[in-house]
Amino acid sequence: MSKQTAIRLPDETYERLQALAAKTGRTATFYMRQAIEEYLDDLEDLYLAEQATLRLNRGEDQVLSAEEFWRGLDD
């Protein structure tokens, strides 16, 4: 199932998107979906890294060496 949404784009971005779609035979929607999905992956990774750093700085988590990590898996 998919959901529909609307976004406002600057004129220049809209025109570039329409030109790309016309040149490639794909829809503008295809490229918008592709761009959002790729960028969302990056944003999720960034958010998780920031949260992990905050937990480390607050002393809520700790960094293990590779040796400590693998030793813990043997238990």
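Trainee: By class, how many nonpolar, polar and charged residues does the lining of the largest pocket have?

Mentor: Keep in mind that this is a predicted model. In it, the lining of the largest pocket has four nonpolar, four polar and three charged residues.

Trainee: Which residues line the largest pocket?

Mentor: The lining consists of S2, K3, Q4, T5, A6 and I7, together with T29, M32, R33, I36 and E37. The volume of this pocket is about 350 Å³.

Trainee: Now the surface. Which residues form a nonpolar patch there?

Mentor: The patch is made of I36, Y39, L40, L43 and L46, and their accessible area together is about 490 Å². I36 is also among the residues that line the largest pocket.

Trainee: What about F30: which helix is it in?

Mentor: F30 also has its place in helix α2. With a relative accessible area of 25%, F30 is partly exposed. Between the C-alpha atoms of F30 and Q62 the separation is 42 Å, and the two residues are 32 apart along the chain.

Trainee: How should I read a salt bridge, and how many are there?

Mentor: The general idea is that side chains of opposite charge can pair when their charged atoms come close. The cut-off used here is a nitrogen-to-oxygen distance within 4 Å. By this rule there are three salt bridges.

Trainee: Which residue does R55 meet in a salt bridge?

Mentor: R55 pairs with D61, at 2.7 Å from N to O. R55 is partly exposed, with 31% relative accessible area, and D61 is partly exposed at 35%.

Trainee: Which residue forms a salt bridge with R58?

Mentor: That residue is E60, and the closest N and O atoms are 2.9 Å apart. E60 is partly exposed at 48%, while R58 counts as exposed at 51%. The boundary explains the two labels, because exposed means over 50%.

Trainee: In the salt bridge of E67 and R71, what is the N to O distance?

Mentor: The distance is 3.5 Å.

Trainee: Why are E67 and R71 separated by about one helical turn?

Mentor: Because they lie four residues apart in helix α3, residues 66-73. As for exposure, E67 is exposed at 60% relative accessibility, and R71 is partly exposed at 47%.

Notes:
Residues numbered from 1 in each chain as written. Predicted model: local features only at pLDDT ≥ 70, side-chain atom pairs only at ≥ 80, totals over all residues. Heavy atoms only, no water. Patch = residues over 30% accessible without salt bridge, like charges linked within 9 Å, V, L, I, M, F, W, Y side chains within 5 Å. Areas by Shrake-Rupley, 256 points an atom, 1.4 Å probe, with all protein chains shown as cover. Salt bridge = Lys/Arg side-chain N within 4 Å of Asp/Glu carboxyl O. 1 Å grid on protein atoms, 1.4 Å probe; cavity = no way out; pocket = protein on both sides within 12 Å on 5 of 7 lines; lining within 4 Å. Points joined across faces, edges and corners; volume = space filled by probe spheres on them. Nonpolar A, V, L, I, M, F, W, Y, C, P; charged D, E, K, R; others polar. Helix = DSSP H or I, 4+ residues; strand = E, 2+ residues; numbered from the N terminus. Buried < 20%, exposed > 50% of the residue type's maximum accessible area, 1.4 Å probe, protein only.
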